[in-house]
Amino acid sequence: MSETSLRRLYNRNFLEYASYVIKERAIPDLTDGLKPVQRRILWSLFQMDDGRFSKVANVIGHCMQFHPHGDRSIGDALVSLANRGFFIERQGNFGNIFTGDGASASRYIECRLTDLARDTLFNKRITDFEPSYDGRNKEPVLLPAKLPVLLLLGAEGIAVGMSTKVLPHNFQEVLKAQIACLKQEDFKLYPDFPQGGRIDVSDYDDGRGRIRNRARIEKNGNKNLIIRELPWGTTTESVINSIELASNKGKIKISSIDDYTTDSVEINVRLSRGVGIDEGLKRLFAHTDCETVNSSNLVVIQDGAPVETSITEMVHYCTGRLIEILKLELRLEMSDYTGRLHWLTLEQIFIENRLYKNIEECTSWDNVRDTVLQSLKPFTDEINLEVTEEDIDKLLSLKIRRISRFDIDSHKEEMGVIRKKMKKAKSNLSNIVQYAIDYLEKLLEKYGKNYPRLTSIEDFSDIDVKEVAIRNLKAGFNSDTGLFGTSIKGDKTFSVSEYDRFVFFLDDGTYRVIPVQDKYFIDGNVLFCGVHDREMVFTAVYQQQKTRIAFIKRFCIGSFIMDKEYRYAPQGGEVVFFTWEPEMKLDFWFQRTKRMRRRKDECLLSDYRVTSENAKGVQLCGKKIISSIKGVSLDDDDDSADLSETDNTTDEAEVPNEQMESPDESPETEPPSPEDIIKQAEELRIQSAETLKRVEKVIHPDDDEDAGDLFGNLD
C-alpha cells in the first residue's frame, strides 16, 4: 500500500471516528437537549410505559436494543438522568448526590416516566425514525421536545478536539425566559444546582464565562461552622478531604470535623483556640472546596454540526423549535378533525337517507360499490364532498346495530363540537405566538411549584488568599553568601506564607520576582530583598553610560512572570541611588566646573510621579553631572538620617574642597562667589577696627582722645 493510500485511509477513518464521538457520544444535540444514550433511555421508558414502575434492569435490557455500548453505560446514564428529577421518577436507592454514594444494583431499583416527560417529550406522529445499530429496530433520530432540555439538565462531555460544559438552570426561569423571548423582551438566565449553595454570576457572560460557587455555611457560636449546602460538583467526602488537607498544610486551624449528613448536608467544623469565627470562615472559602469555580463552555450539535453558542441563542433556538412542534401538532389536529367530520357527514347521509337499501338487489361486490357511490353522488355534489374508495368500504362495513341505533341529534352535536375545535385550532395556528405563550404558562402553572430555585444568587466579597493565609514559614536572606529561602538563616528574616512572593533588586539594574522556596542563590550585589507588595513604591537614580546624565524614576512592581529577569535601569546604566522609602529628601552635588556658582541641590521624592518599571524616568538635574548623592529622611536630623549615600566621584579634584580641607565645615556649604569674598573681607576689616578701639579704651580709660596709638605706649 502506497503512502498516499495509507494517508487517505487514515484521514477517512479518523474523520469517521471523530464524527462518531462528537455526534453519537459526547456532545448533546440542542434540538432535544439529549445525548444518544439519554435519548434511547427515555424512548425505552416511553415504549414500556404503562403507568407503573419498571425495574431498572428491565429498562436497561430494553434499551440495549438501541444502544451498542453495554449495560454499564446505560445504567450509569439512567441513574444520573433520574437524579436530575425532571423526566424520570425514582423508587428505591438511586444514590446520594450529597455524599457521592452510588445507587443500588439495577435489579433492586425501579423507575418510570414523569408526567412532565409524557407531556413534553413524545409524539410518534411527528418523530423521525432511523434503523438501530443492528438494523432490527427503529429508534428516534430526535425527540420532539418542547422544552430547552439541555438548559434544564446541563451536560458535560469531552470529544475529539472539543469539549462541552453546560450548567443546569431552573425550570421556572427557563420557561419564563422562553415567554420573554416570544414577547421580544430581554431576559437573563443563571444556573441553579440541585445541591443548592450560593453563586456569584458577575462573570457568567451569558454562558461564555464562569461562576463562583460557595457552600452555605452557618455560624454556631464562636467556634463552630456548620456546612448546610455544597458547591456544584462536590460531595461531603471531597469537601471534608479538602478541609483536612488545608489543616495539615497549616492553612486553617481546626480541632475537629463531624459529618452528620443524611438526606441533607450537615458538616460541623470546630475551629481551634485563638481562631476567630469570621477568620475561619474566610479561610474555608480561600483554601478548601467550600468555594469552587465552574466554567461554562457551550458547545452543542445544532442542525447536524457542532457549534459554540450562548444561553440567549439556545433559548431562541429552542423557542423556535417549540413553535415548529406546536404548528405540526395543530396541523395534525386540524387534519384529524377534518377527517372525522368528513366521515360523520358521509355516515349521516348514508344512514338518514337509507342508502343502504339500494344494495339489496346487487349481485356482485363491484356492483354494490358502484351503487353506493351513485347513491351518494347527489348529496356529495351538493356539499362539494369528495368520496374515496376507502370511504365506500368503511360505509359498507357498518354493522346493523350501528345503523339501527343511529341517533341523529347526538350525531349533529358531535359534528358541532368538532367544528368548534377546528375553528379554535385554526385560530391558534394564525396566532401561534400567543398559543405558545399560553402553552408555557400552563406548564408553569402545572409543574412550576415542583421546581423552586435551590441556589441563591449573591455578590461575593473577594477574599485575598494571601491576606487570610497563615504566615507560618520563616524565610531568611544571607547577604554574605547570597542565599535566600526557608532553610537559610541569615541577617534578614521574613514571616511568610506559601502564597507570598519575593522581589530582589541588584545594582546592575535588574530585578526578579521569585516564589517562596527552600533555597535560592542570588548572584550579584543586592540592593533590596523583601516580600513583594504591588503597592510598594521604589525609587532609583541611574546615570547613562555615555552622557553621565542622571535620571530618577519611581515605580511599582505590578504584573510579572515568576523568576524572569526584568530591568528597572537601562542596559549600561549605572545605578547611583536606590531606596524603598515612600518619602525622603535627596541631596546631590554636581561635578565641579569653571565659574560654577551653585554646587549643591536637593529635591523630594514626592516631586516625581510614580510610573511603570519600564519607564525611562525624568532627568534629575538637567544636563548637569552629579558627583555624589545622599538620601535624607524627613523625620530625622540631617546628620543622623543618612539612609543612602552614593559618592559617584571619578576624580579626586571633583570632591568639594570644603570636605577635604575643613572637617568642621559642613559639606553642604556652597562655594562663595568673588563678590561675596570682597564683601566678607570688608566686614572683617570693620570688625577688626572696632575691636582695637574697644581694647584701647579698656587699657587707657582716663586718656583723652589724643592719647595716641594703643601700641605706642608699650615701650
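**Exercise 1. Count the helices and strands of the protein chain, and state how much of the chain is buried.**

Step 1. The protein chain holds 18 helices and 34 strands. Helices (H or I, at least four residues) and strands (E, at least two) are DSSP runs, numbered from the N terminus.

Step 2. The model is predicted: local features need pLDDT of at least 70, side-chain atom pairs count only at pLDDT 80 or more, and totals for chains, interfaces and linings use all residues. Residues are numbered from 1 along each chain as its sequence is written, and side-chain values use heavy atoms, with hydrogens and water left out.

Step 3. Of the 715 residues, 42% count as buried. Buried means under 20% relative accessible area, exposed over 50%, and partly exposed in between (1.4 Å probe, protein chains only).

Step 4. Take contacts between residues at least 6 apart in sequence: 65% of them join residues at least 24 apart. Contact means heavy atoms within 4.5 Å.

**Exercise 2. Describe how the axes of helix α10 and helix α15 cross, and list the residues that make the contact.**

Step 1. Locate the helices: α10 spans residues 311-352 and α15 spans residues 432-447.

Step 2. Their axes come within 10 Å and cross at roughly 100°. Axes are lines fitted to C-alpha atoms, for helices over the stretch in contact, and angles run from 0 to 180 degrees between N-to-C directions.

Step 3. α10 is therefore roughly perpendicular to α15. Angles of 65 to 115 degrees count as roughly perpendicular, under 35 as roughly parallel, over 145 as roughly antiparallel and the rest as oblique.

Step 4. From α10 come Leu322, Ile323, Leu326, Lys327 and Leu330. α15 supplies Ile432, Val433, Tyr435, Ala436, Tyr439 and Leu440.

Step 5. Sort these residues: 10 are nonpolar, none polar and 1 charged. Here Ala, Val, Leu, Ile, Met, Phe, Trp, Tyr, Cys and Pro count as nonpolar, Asp, Glu, Lys and Arg as charged, and the others, Gly among them, as polar.

**Exercise 3. Identify the buried residues of helix α12, and say what covers them.**

Step 1. In α12 (residues 389-396), the buried residues are Asp391, Ile392 and Leu395.

Step 2. Seen down the axis, these fall within an arc of 100°, so they line one face of the helix. The arc is that of the directions from the helix axis to the C-beta atoms. An α-helix has 3.6 residues a turn, so residues three or four places apart point the same way.

Step 3. On the other side of α12, Glu389 and Glu390 are exposed.

Step 4. The cover over the buried residues includes α10 and α11 (365-383).

Step 5. Leucine 396 also lies in α12. Beyond its neighbours within four places in sequence, Leucine 396 contacts Ile359, Trp365, Val368, Arg369 and Val372. Its C-alpha is 8.9 Å from that of valine 368, 28 residues away along the chain.
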